Amino acid sequence: MQSRRWFGGAGFSFADDQVTETLSQAIRGTGEELDREPDTGVLFGSLRGSVVGLRYYTGVVNKGEMVSLVRQPQNPYDCNAVMVANVYGSQVGHIKRELAVLLANIMDNNLARVEGVVPFGVTNQFTMSVVLSFWGREENRDAVLRQITSRSFKLQSGPTGTHTHTYSLLFVCVSFDLQAVCTPLLPHQKQALSWMCVCENNAALPHFWEVKGELFYNTLTHSSVRERPQRVRGGILADDMGLGKTLTTIALILSNFHHGKPLPKGKQSAPQEKVRHYTHPRPFDDCIIWCVCVSLGKSVVSPVEAASSQSTDDPAARATLIICPLSVLSNWLDQLDQHVRADVKLNVYLYYGSERNRDTHFLSSQHMVLTTYNVLSADYSGSASPLHTVSWLRVVLDEGHIIRNPNTQQSKAVLKLNTQRRWILTGTPIQNNLRDLWMLVAFLRLKPFDVREWWNRVIQRPVTQGDKTGLQNLQALVKCVTLRRTKASRVCGRPLVSLPERSVRIEEVELTQKEREEYELARTEGRTTISRYVAEGTVLRNYADVLAILVRLRQFCCNTHIWVKCVYTHTFCNFCSRLFSVTPAELRERLIMKLRLVLGTGSDEECAVCLDSVRLPVITHCAHVYCRPCIAEVIRSEQEQARCPLCRGQIKASELVEFPLEEEEEESNLLENWRSSSKVEALMSSLLRLRSEDDSIRSLVVSQFTRFLTILEIPLREEGFKFVRLDGTMNQKRRAQVIQEFQSDAPGSPLIMLLSLKAGGVGINLSAASRVFLMDPAWNPAAEDQCVDRCHRLGQKRDVVITKFIVKGSVEENMVKIQRQKQDLVEKAFGTKNPSERKTSRVDEIRALMEL
DNA sequence: ACCGCCGGGTGCC
DNA sequence: ACCGCCGGGTGCC
């Protein structure tokens, strides 16, 4: 098998797909190490070399095109061989032997990443030039330089040139009538629907492709392919929360079943029967779709190019698979009930629960199958996954930013689905980092950027390094697959939705003298510890302690009783000074304690590897918390040299400590010693005043600390408020009940919902509330916004008033300042900071918080 | 390959 | 003639 790959005599050309496929696999790697390569290396320099043997291969390259270099240690003619391939994985040639020795050495020892660009294109059939640039860690620069000069090559400084391009815009106007959806679509929803239909049926390639003679030319990578590149059939619907992404998607499913034709309406066809007859006029018969392509200042009006049916499409595929977080499953069912006409028989199957029907024929025969990311990845990890066997017409990822980390099982499972059309629904396409977007691009199979290398080289690195062209390329790329409107956007000069006003007021809370004394005591203690770390430069190494101190201060601002005394004494008196002079059992116990501290209090800690909130948390011996899969991947790839990404301390897989199964909290203890606090009083007086003024107004009371919510239950009961509670510990069924109860306008339904900030994050609709009390500031201002959006959304009839309680002269005031800076950053820099910058800004943040 | 390299043919100018 | 030079054959790794 292996030897065959390199077998080929003179004059023999490799045209067969098998080889091409193997090569592209070689470039892509196994998929296991997707996220490992650092994008942050520095450029050591570049040198000119030559590619030889062009006439034996079929890969096409153009002037300025990027190529990838793939080591071939098994090559029978030269174990130093370096193969050159174009963006599509077709082999172009080999690096000339003498140079290959050098590259092999550098690549095999991981001294630098080597990237190739073809400066002039192909001028003859035998050889061509290639500019090789070397990227790596600063500490490897000397070694690389030595390698290069010792073999009498010369490294030039500076990068190779890039090109700019302008892109044409696409405007689409559609008018049609939807018969199966009983809810009239708002103008912006119709616009989204028509855009989605065009994305699914239009065969035109994205604008960064140009037809040049017989070839297809990619203006971003400067590459050409003979085969028409597979276009994206789908896209990203990235509208703000509450603009009706769910409804629009339901309308899409009903109206665009096959090649722009709708689902049959009325009587349902038998499962096996192919749907050919439409008993009603098809909405698209009355549909006028015109594209106005504005290109270089000239307008051309042309009908949308009809979809050329691709031979690989399974014509029998008709089912749409919807994947969503558990928390919004019920929302889909509600919306279907609400918006689909009663006489439309839509086969919807909820693929959830242990009794789910795994029969693939059954699943294929549905119109819609609803499931969750967890069910999908659970199926995927087993043998023969039903969801991966079905040939889907369409897969929709709801809250698609869930899969932004490509290392997770969920993401891997999602990528392996077999479908013709792909959609991502998300309100927040970029949350932390540009990297978030890659996974979305990969899911959509936006060629060639679904291969990590091209994404990194054309988009990620240029943008991270502040290259304007990179940003333009990114915008062009995103634009061609994304529709994003905010509540402030306008259609035909009118706002998309006229939502009621939303105002924020900050209520400053004064601590009582006793509270102030306690707070100051804790603060002084914390400052001493942290300033020691700052002086030693060990803030990150002692991150868990620092967080613990901050959590403690933040909790003191709410109510001193949230703090669990025993944790405090252990953590601060024995533990923080020395880690290693204890027995393994003690160490383990203390690490678990820290882990609980970091997570259990509800602080929204993020994993420094995936930059997402921590999932499956583990703690290292140096007391840093990561997702287990993320840190396991680091250890797997770096083996014995594995170091903690935050403090560079040595880490081993065997020394990762997991969070033990959730123990029941001693709630009684919390309630027995109950005492009020200034913040509790401030909230209660607001609520009482509100009730006396208008007892129909409902409120969300939001905290990051679930224990604080528990504390608040006491005075609420005392004052006779009817309330419900929604937090992360509740299962889906319970959540749905609670939300329904709160949203219901039946007499005696609750006026208040106690909501944990995280649980209030995505998807749910709490439009019954028009008051939001944010009890404590969050690290991440976007989390607060998202939470407020639960009620400030479509369906909200009243003006929304948000009250933020901030304790005067406390860490909370500093958090608010940092929040503002973060907001600026997001607006300015598109939220693209690389992890090392993030880490330093973390230290700065901590110093700002503690006024050090 | 409008090269470099190899090796055979050749050999004053 | 154990050289230089010429020109044909040839050519990735």
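Among contacts in chain A between residues at least 6 apart in sequence, what percentage join residues at least 24 apart?

Figure 1. Of the contacts (heavy atoms within 4.5 Å) in chain A between residues at least 6 apart in sequence, 74% join residues at least 24 apart. The secondary structure comprises 26 helices and 30 strands, taken as DSSP runs numbered from the N terminus, with helices being H or I of at least four residues and strands E of at least two. Of the 852 residues of chain A, 55% count as buried, that is, under 20% relative accessible area with a 1.4 Å probe and protein chains only. Chain A exposes about 38400 Å², of which carbon and sulfur atoms supply 51%, by the Shrake-Rupley method with a 1.4 Å probe.

**Figure 2. Strand β28 and its parallel partners β26 and β27.** Strand β28, residues 752–756, has five of its five residues buried, with Ile752, Leu754 and Ser756 on one side and Met753 and Leu755 on the other. Five bridges join β28 to strand β26 (residues 698–703), and four join β28 to strand β27 (residues 723–726); two strands pair if DSSP finds at least two bridges between them. Methionine 753 of β28 stands opposite leucine 700 and also opposite valine 724.

**Figure 3. Lining of the second largest pocket.** The pocket has a volume of about 830 Å³ and is lined by 33 residues, of which Asn331, Gln335, Gln338, Asn765 and Arg793 lie nearest its centre. A pocket here is an open set of points on a 1 Å grid over the protein atoms alone, where a 1.4 Å probe fits, with protein on both sides within 12 Å along at least five of seven lines, and lining residues have an atom within 4 Å of a point. Helices α6 (245–255), α7 (326–339) and α23 (732–743) each supply at least two lining residues, and α7 gives the most, with eight. The lining divides into ten nonpolar, 17 polar and six charged residues.

**Figure 4. Surroundings of leucine 656.** Leucine 656 lies in the loop between α19 (628–638) and β25 (657–658), and counts as buried because its relative accessibility is 9%. Beyond its neighbours within four places in sequence, leucine 656 is in contact with Val618, Ile619, Thr620, Arg628, Ile631 and Ile635. The C-alpha atoms of leucine 656 and histidine 624, which are 32 residues apart along the chain, are separated by 9.9 Å.

**Notes.** Residues are numbered from 1 along each chain as its sequence is written, while chains are lettered from A and ligands numbered from 1 in the order in which they are written. In this predicted model local features need pLDDT of at least 70, side-chain atom pairs count only at pLDDT 80 or more, and totals for chains, interfaces and linings use all residues, while side-chain values use heavy atoms, with hydrogens and water left out.

Terms used: Buried means under 20% relative accessible area, exposed over 50%, partly exposed in between (1.4 Å probe, protein chains only). Grid points are joined across faces, edges and corners, and a volume is the space filled by probe spheres set on the points. Ala, Val, Leu, Ile, Met, Phe, Trp, Tyr, Cys and Pro count as nonpolar, Asp, Glu, Lys and Arg as charged, and the others, Gly among them, as polar.
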